[in-house]
Structures are given as C-alpha cells and as structure tokens.
Amino acid sequence: MHNVLRLAIIGAGASGLIAASEAQHQGLLCTVFDKARRAGGRLASRRSDWGSFNHGAPFLSMPTQAPTPNDPRLQHALSHGLSTLHVSAIHGEKQPAFVPSDSINSLAQLWTQGLTCHFEHTLCELKHDGNNWWLKFSEQLGWLGPFDRVLMTCPPVQALALLSKLPSQYHLCQQLQTMHHAPCWSVRWAPKASPALAAGVFVRDDLQASGIALCIREDLRPQGGGAPRFTLHATAAWSAAHLEESSESVALALMHAAAEALKLPASTESLEAHRWRYGYVSAAAGKAYLRGEHGLFYAGDACLGATAIDAMHSGLAAADALCAELPLTA
C-alpha cells in the first residue's frame with residue numbers, strides 16, 4: 001500500500017511553484033500557501049491602458065551560480081512562449097535573457113495548473129507535534145494540517161522570524177542569517193511624449209549614476225505592443241536610501257532622473273511605484289537548498305544567486321531531496 005505524503009510549501013513564487021510541481025509529479029500531495037492574491041511573487045505584471053508592465057522580474061536572466069537551464073524539467077517550465085532577448089549590459093556587454101510572449105506573470109499562472117494553491121494566507125506560526133507539522137495563518141482560525149514535510153520559499157528574513165521561535169531549527173536559522181536581500185523600488189512610467197529610442201532593454205552608466213539600475217522600454221520587448229512606456233528599477237543603494245519614502249515621491253524622483261538621462265520631457269500619462277523590500281539578493285548561501293530538522297526545508301533565489309532561474313534550480317533541488325528521503329511505501 002502506498003502512503004500519500006503531505007508537503008506544505010510556503011510561497012508561490014518561481015521556487016515554490018516549480019518545487020510543488022516536481023514533488024507532486026514524484027508522488028507527494030502538495031499544498032501551496034502564499035500571502036499574496038495570486039501566484040508569481042516577483043514574477044509580477046501589471047496591466048494598464050497603455051499596455052502591460054513586468055515590474056518585478058522584467059525578464060528571466062541567466063542564472064548567476066546555478067548551471068545553465070539544461071535540466072529538461074526546467075526547459076519544459078520555460079518553454080511556454082518564451083523569446084530570447086539579448087540584454088544590453090553596462091559597458092556594452094550582451095547577456096541572454098528570456099522574455100515571455102505574454103506578461104511574465106502568465107508563466108506563474110501556467111505553473112499553478114494542477115496544484116492546490118491557497119492565496120491570501122499569511123503564515124504566522126508553525127509547530128511540529130513530534131509526528132507532523134501544523135501551520136497557522138493570520139487570516140484563518142485554528143491550525144491547518146497535518147503535513148509530513150514543509151518547504152519554505154519566502155525571503156530569509158521572513159523565514160527567520162518564524163523559525164527563530166523553534167529551538168529545533170537553530171542550525172537552519174544560522175544558515176538563514178548569512179543570506180540577505182536588498183530592496184528595489186520599481187516604477188511604471190507611461191510618458192505623454194512618444195520617445196524614439198532604439199533599444200528595448202538596457203542598462204547605462206549615466207542611468208546608474210542617477211540611481212536607476214534598469215530601464216526597460218516595455219512596448220519594444222517581444223510582443224510588448226501598446227504605447228511607449230518604461231519600467232524603471234532603482235539601484236539597491238538608492239532603494240535602501242529612500243526605502244520608507246512615499247511611492248508618489250519615489251515615482252516622481254526616478255521619472256525625473258530617467259527623463260533627464262534619456263533626454264525626454266518629464267511628462268506622464270501614468271506613473272506608479274512599487275516597493276520590493278526583497279528585490280535583490282545581496283548575499284547568497286551558495287547551496288541549492290537548506291535542510292532543517294523534522295523534514296523542514298528551505299529553497300529560493302537567495303540559496304544560489306539572484307535570478308528567477310536560480311530560484312527554480314533551488315526549488316527543483318529541494319523537491320528532489322524531499323522525494324529521495326521520504327518512504328513511499330508502508
């Protein structure tokens with residue numbers, strides 16, 4: 001007789017979704033929880049009257065420490081209408097990246113197919129009773145469970161806030177303390193004028209000096225369409241310095257900086273900013289995943305590097321480790 005082993009996954013970003021898909025494929029019963037209203041995490045898109053903005057991870061860049069995406073499972077996950085885009089980096093170097101034909105969040109929605117996902121579930125406490133894991137969410141009454149294993153894919157600082165209350169997870173917490181994210185302010189800007197620029201995605205030294213790490217001409221990306229519009233990402237240093245300012249003041253400041261650097265009128269049809277408190281990986285663990293006690297695992301971009309593909313490699317590695325150690329027969 002086969003047991004059905006229950007895995008709770010915290011976080012419906014790239015790492016959590018691909019881990020859930022693979023673990024379920026290998027026979028585990030997976031349930032995904034996320035505090036947001038929909039899947040994706042930083043694979044975030046916003047639709048507007050001017051077209052869509054990929055204002056979280058604007059494209060899928062090549063991994064920083066993980067191997068190239070040659071795992072057939074990863075290739076399959078990335079095969080949904082992706083185009084290859086050569087991103088112009090600082091000093092004119094070229095880096096390959098992948099851009100979905102639709103919004104980048106459409107990938108995350110595809111990855112949820114066949115999974116049991118619960119959104120608007122903010123984990124506030126977890127406990128192990130000696131046999132099973134139980135989870136408590138701020139939006140729900142009582143405990144949810146039981147689960148045989150738990151995989152956390154939320155930012156390290158959020159995992160630490162929960163796991164530091166569990167003495168059994170002391171060594172995992174020590175590893176999580178070595179991993180850090182830096183913030184990133186992201187701005188969606190549709191100018192009144194119709195700027196004529198040749199490049200669709202680029203990073204320039206003069207923009208870096210203005211506090212802008214990335215400037216994307218959304219309407220010129222593959223299947224971008226719509227009106228001329230930009231997504232701007234502030235540098236980690238600029239974002240940290242202005243972290244607690246209002247979104248309105250940040251949007252204006254970055255729009256004026258970009259307009260000056262690009263020699264465009266500082267005019268706008270639409271202007272909005274979003275604060276990503278954990279936007280950049282500033283210190284990674286250098287391991288594919290982390291293992292705690294009683295079947296608690298951790299995966300995410302901060303395990304291997306800075307990109308969504310790093311996060312996916314981490315999720316796959318954690319899923320393989322979970323499935324390899326769990327007894328599948330009784």
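Which strand is serine 270 found in? The close-ups below start from that residue, and they come from a predicted model.

**View 1**
Strand β15, which covers residues 270–283, is where serine 270 is found. Serine 270 is buried, because its relative accessible area is 15% and buried means under 20%. What does serine 270 touch once its neighbours within four places in sequence are left aside? Its contacts are then Trp50, Arg188, Trp189 and Ala190.

**View 2. An open sheet of 3 strands.**
Here you can follow the strands in the order β7-β8-β9, with antiparallel pairing. Strands β7 (123–128) and β9 (143–147) stand at the edges with a single partner strand each, so one side of each has no neighbour in the sheet. From one strand to the next, the twist averages 20°. As a reminder, strands of a sheet pair through backbone hydrogen bonds, either parallel or antiparallel.

**View 3. Where β8 meets β9.**
Zoom in on strand β8, residues 133–137, which is joined to β9 by 3 bridges. These two strands run antiparallel. Which residue of β9 is the bridge partner of tryptophan 133? That partner is phenylalanine 147.

**View 4. Glutamine 174 in a helix.**
Now look at helix α5, made of residues 170–176, where glutamine 174 is found. Is glutamine 174 buried or partly exposed? With a relative accessible area of 36%, glutamine 174 is partly exposed.

Conventions
Residues numbered from 1 in each chain as written. Predicted model: local features only at pLDDT ≥ 70, side-chain atom pairs only at ≥ 80, totals over all residues. Heavy atoms only, no water. Pairing = 2+ DSSP bridges. Helix = DSSP H or I, 4+ residues; strand = E, 2+ residues; numbered from the N terminus. Axes fitted to C-alpha atoms, helices over the stretch in contact; angles between N-to-C directions. Buried < 20%, exposed > 50% of the residue type's maximum accessible area, 1.4 Å probe, protein only. Contact = heavy atoms within 4.5 Å.
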